[in-house]
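Here are a few friendly notes to read alongside the model. Please keep the structure open and look up each residue as you go.

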Amino acid sequence: MPEKPRGVTAHDVEQFVFLHKLSAKGHASDVLLTAAILDQELRRAILQKMRPELSEKKQERLFEGYGPLAEFGDKIEVAYALGQINDDIYGKLRIIKDIRNKFAHLPRECTFWTGDISKLIAKFGCKEKATHPEIFGMIAEDCFNYLARKVADTKR
């Protein structure tokens with residue numbers, strides 16, 4: 001049975017806030033968990049544009065393992081092509097993906113202030129006075145809220 005879109009619950013919001021608080025345990029965990037949550041929200045948004053009778057097995061073939069939509073970046077591109085995200089969210093998600101990749105693949109421990117990652121944070125163009133982790137959190141929350149609203153609005 002295909003995944004049924006649902007509205008954002010208080011639990012969803014609490015989980016998102018909790019995961020951002022994990023940054024005290026390291027910036028990498030914050031970034032990787034945030035990207036995983038956004039990945040799932042993108043999946044939900046994409047599924048809304050697919051056949052409602054798409055079986056779990058067919059969804060798995062698309063979104064898992066070596067499926068064409070298994071990667072975070074692939075979901076960003078398809079969600080944009082389907083009109084599920086706008087240019088602003090597309091750009092933010094692409095930067096989040098790049099930050100996620102840096103944290104996941106750099107051979108050494110890094111933080112939001114590590115050279116390459118700091119440069120990516122600057123690409124957000126945040127005008128507010130905030131630390132790099134706060135900027136990342138604000139942008140990620142903006143993307144999450146946009147996707148959650150999109151899924152909720154399409155459901156109606």
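Is F112 buried or exposed?

1. F112 is buried, with a relative accessible area of 0%. Here buried means under 20% relative accessible area, exposed over 50%, and partly exposed in between (1.4 Å probe, protein chains only).

2. Before going further, a word on the source: this is a predicted model, in which local features need pLDDT of at least 70, side-chain atom pairs count only at pLDDT 80 or more, and totals for chains, interfaces and linings use all residues. Residues are numbered from 1 along each chain as its sequence is written, and side-chain values use heavy atoms, with hydrogens and water left out.

3. Searching the whole structure gives three aromatic pairs. Rings of Phe, Tyr and Trp (its six-membered ring) pair if their centres lie within 6.5 Å; planes under 30 degrees apart are stacked, over 60 edge-to-face, and the rest tilted. One of the pairs joins F103 and F112 edge-to-face, at 5.6 Å centre to centre with 70° between the planes. F103 is also buried, at a relative accessible area of 8%.

4. F112 pairs with F136 as well, and this pair is tilted: 5.3 Å centre to centre, 40° between the planes. The pair links distant parts of the chain, with F112 in the loop between α5 (87-105) and α6 (115-122) and F136 in helix α7 (residues 132-155), 24 residues apart. Helices are DSSP runs (H or I, at least four residues), numbered from the N terminus. F136 is buried too, with a relative accessible area of 0%. Together, F103, F112 and F136 form one aromatic cluster.

5. Now turn to the helices. The axes of helix α2 (residues 27-48) and α5 come within 9 Å and cross at roughly 135°. Axes are lines fitted to C-alpha atoms, for helices over the stretch in contact, and angles run from 0 to 180 degrees between N-to-C directions. The two helices are therefore oblique to each other (under 35 degrees is roughly parallel, over 145 roughly antiparallel, 65 to 115 roughly perpendicular, and the rest oblique).

6. Which residues of α2 and α5 meet? On the α2 side they include V31, L32 and L38, and on the α5 side I96, I99 and F103. Contact means heavy atoms within 4.5 Å.

7. Finally, look at E41, which lies in helix α2. E41 counts as buried, at 6% relative accessibility. Leaving aside neighbours within four places in sequence, E41 is in contact with F144, L147, A148 and V151.
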